[in-house]
Amino acid sequence: MLSAECSDASSHTSSMMVDSTLTQVGKNLNEAMRILGDGQGELESGTRRQHFGSTGIPGPLQGDGQDVSTLLHLVHNLINDEEEDGEKPTLHRLLNVGEQGHMALLGHSLAAYISVLDRERLRKLTTRILSDTTMWLCRLFRYENGSACFHDDDRDGLVKVCRLVINARYQEYASEGYTVLSSKQPIIYQSASCRPGLAQHLCTQLGLPLSSLCTVPCNTVFGSQHQMDVALLEKLIKEDKEAGKLPLLLIANAGTPGAGHTDKLGRLRDLCDQYSLWLHVEGVNLATLALGEVTSAIMAATRSDSMTLTPGQWLGLPAVTAVTLYRHEDPALSLAAGLTPSQPVDKLRALPLWLSLQHLGHSGVVQKFRHATSLSQQLLQKLKCVTSIKTSVEDELKSPVVLFKFSQEMSAASREGSVEGFCAGEKEVLDAFNRWLGEQLAQLVPTSGVDVVELEEEGTCVRFSPLVTAAVLGTQQEDVEDLVVKLMEVVPVMDSTLCLIQDFREQTHRHSPSLRYIEEHSWPGLGAVRYEPQADGMDEIRRKQELEKINTELLKKLQELDTDIIFSSGSEFGREEDCIFVGMVTEDVDVCELVDTIAALGRDIVESGRLLENMTEVVRKGILEAELQLQKANEEKLIEEGMLRQLPLVGSVLNWFSPVQSSIKGRTFNLAAGSLDSTEVTYSTKAQAGKLSLQDAPTSSSKRLPGQRLFQRSGAGSDSISETSSIGQAEETTMERSITESSSIQPPISPAALETPSDTAGC
């Protein structure tokens, strides 16, 4: 009786301890998220908090321990650490987690706590977690009678599946090892559109030579350019079998990494059945299997031998493992391949996903996937109304990935003229423009999640894949609307810049050889120029120094102008050095005035440098002349005053009784004339008369209307100014400019110069 009561009391005490520990874990997590969330709010509001010292140099461990709050603030500072150059800290995606993200974080904390339980209790708990999660995923993604492998690296599932296939196809592999592979070399087939490095990683982990990897080209005539060529694949399989090799495994795509296209999975399934190949499928489009309506192309993935899913990425769950679902009848081979975890602790990898799936429920998971696909359809419909934008999707009705780019053909079709032949590297220029477009959209609308992809056929495109980004960024329909608005603002600028590139090149050639046009197709803008002055008798090193000095000063002056055009050194774009890169421009920009201004500023810089060099020479000669004048004045003073007045004591007495009026006059050095002049006139009139002072040359600029920016045509934004008035204004400006320049060069006209020619002749 007493032992039973003690047992009940012990069980009750243990239950209370477990409850208190779990409660403390939850409290600690909530406190940690609150502190990190407060720091995130401070970054958004611009306020600063007390800075906990952190440096890149490791320091010794402090003797006294620190509390949890201090450590969390330290972690916050490390996450949002400012750059060395003092840039403003940026907001990090990791902290933008919702309630389901908190549940996943709680799962990681609980997994660490559960791992310290006794072995029997740990085994029962992990078995329940693993079986529940496997059943839910198989039902959710329509994969009947499947098993699940949870792994941190999304490539490890394929590695373990391939090891399983090797064990199954080579009967003596378990005892003989890799020596049995020499009799029949295993061949792994992959599409040319697979993610880079996947098959290489597979061969490295399995110890297979790269000759065991066969890359199948995609369709070039029929179908999508990102789908595997099934007919060519069958031909390659036959050739390998005839050569004594063993076709082992085929990697197919349900959503290629670049374009989001799906291979012909139904035909590939039949081909794999015919030649006894293992079919493995991966891709972002597998998420649509959870929806009520699934296309037949994606539904064929449920017939595959294995598939890799990334639910953590699709649902916005931080640090949740990837899952590989597979079908195999021999559990011993699955255990040998590592697909079945042998240790109970390894099964705890499924705990964060187990908690998150229960928190969301079946309806919540489906709703997230449906929301992401609806965002793709919304953007696709909006893009059809935007001129100069070309879309590239596999299935316009169901495609969860949208690719679009700025198109030269559509840009020319929207105008009366054509931009064909505007430069030799049209494709490179368009790729540069689309790369700039993607970067601008990602910066202007960061919650959209758009990124830039490089494709072999389409070139550079902008990709919108909400199945991958929407759950993490919290993308909504308003963000898609904002994305389209920003796109419609940016596209006209790209269109006008593309049409003015040829004009910019021709205007630059007018100022040759001083102004040189640089062919740089990777620059997203109007073009690149370099000011190259005449360098007669100058060595190569000195010439490069002068070029760098002149173009650096020219870039600085251009950046100080009141204009919307961006001028840059473009060091990260071009191979040429000492260039000035002109950015995007609007259609109302006067390219002729722009190029003339660049040439004029460069010419002024060169002339100013030459004036400084001449002035240096003048000053040097003036100093030598001043030394001669001073020496001559000292000699005249000695002759005039005599030797006795030069003695210290005698000279003072003589100067006291008989002061001497010195005839030596002062001298002043005139920088403008480069000569030594007498100071007699200066002291008598208190002014410098009859000499031209050195003044800054007046800057000449055309008249602009109120609110009109530099290089903007006056008639571009207003129809009230006629062509005649524009010409008259230009002539008036030219006349004023010539009068100003002549008055600044010539000295002031004296009244005597106003006499008639007869009077002048008489004089």
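This note sets out numbered points on the predicted model shown above.

1. Basis of the note. The model is predicted, and local features are reported at pLDDT of at least 70, side-chain atom pairs only at pLDDT 80 or more, while totals for chains, interfaces and linings use all residues. Residues are numbered from 1 along each chain as its sequence is written, and side-chain values use heavy atoms, with hydrogens and water left out.

2. Overall content. The chain holds 23 helices and 17 strands. Helices (H or I, at least four residues) and strands (E, at least two) are DSSP runs, numbered from the N terminus. Of the 763 residues, 40% are buried; buried means under 20% relative accessible area, exposed means over 50%, and partly exposed lies in between (1.4 Å probe, protein chains only). Among contacts with a separation of 6 or more, 70% involve residues 24 or more positions apart, where contact means heavy atoms within 4.5 Å.

3. Helices α15 and α17. Two packed helices are described by the angle between their axes and the distance between the axes. Helix α15 (residues 426–444) packs against helix α17 (residues 477–510) at about 150°, and their axes are 10 Å apart. The angle therefore makes α15 roughly antiparallel to α17. Axes are lines fitted to C-alpha atoms, for helices over the stretch in contact, and angles run from 0 to 180 degrees between N-to-C directions. Angles under 35 degrees count as roughly parallel, over 145 as roughly antiparallel, 65 to 115 as roughly perpendicular and the rest as oblique. The crossing of α15 and α17 is right-handed; a crossing has this hand if the near helix is turned clockwise from the far one by less than a right angle, and is left-handed if anticlockwise.

4. Residues joining α15 and α17. From α15, the contact draws on V429, L430, F433, N434, W436, L437, L441 and L444, and from α17 on L483, K486, L487, V490, M494, T497, L498 and I501. By class, this contact has 13 nonpolar, two polar and one charged residues. Ala, Val, Leu, Ile, Met, Phe, Trp, Tyr, Cys and Pro count as nonpolar, Asp, Glu, Lys and Arg as charged, and the others, Gly among them, as polar.

5. Helices α13 and α17. Helix α13 (residues 351–383) also packs with α17, at an angle of about 25° and with the axes 10 Å apart. This angle makes α13 roughly parallel to α17, and the crossing of α13 and α17 is right-handed. In α13, residues L375, Q378, L379, K382 and L383 meet Q477, V480, E481, L483, V484 and L487 of α17. The contact of α13 with α17 comprises seven nonpolar, two polar and two charged residues.

6. The buried side of α9. Which residues of helix α9 (residues 265–275) are buried? They are L265, L268, R269, L271, C272 and Y275. These residues cover an arc of only 165° around the axis, so they are on the same side of α9; the arc is that of the directions from the helix axis to the C-beta atoms. Their cover includes α8 (230–242), β4 (246–253), β5 (278–282) and α10 (296–299). S276 follows α9 and has a positive phi, near 60°.

7. Two further residues with positive phi. N145 has phi near 55°, a positive value in a residue other than glycine, and is placed in the loop between α4 (119–140) and β1 (147–151). S388 has phi near 70°, also positive in a residue other than glycine, and lies in the loop between α13 and β8 (389–391). Is each residue buried or exposed? N145 is exposed, at 74% relative accessible area, whereas S388 is buried, at 1%.

8. A cis peptide bond. The bond from S512 to P513 is cis, with omega near 10°. P513 is placed in the loop between α17 and β12 (515–518).

9. The position of G583. This glycine is in the loop between β15 (580–582) and α19 (591–641). G583 counts as buried because its relative accessibility is 4%. Beyond its neighbours within four places in sequence, G583 is in contact with W523, G525, L526, I565 and I566. The C-alpha atoms of G583 and L526 are separated by 5.6 Å, although the two residues are 57 residues apart along the chain.

10. E439 in α15. E439 is found in helix α15 and is partly exposed, with a relative accessible area of 46%. Its C-alpha atom is separated by 8.9 Å from that of V462, which is 23 residues apart from E439 along the chain.
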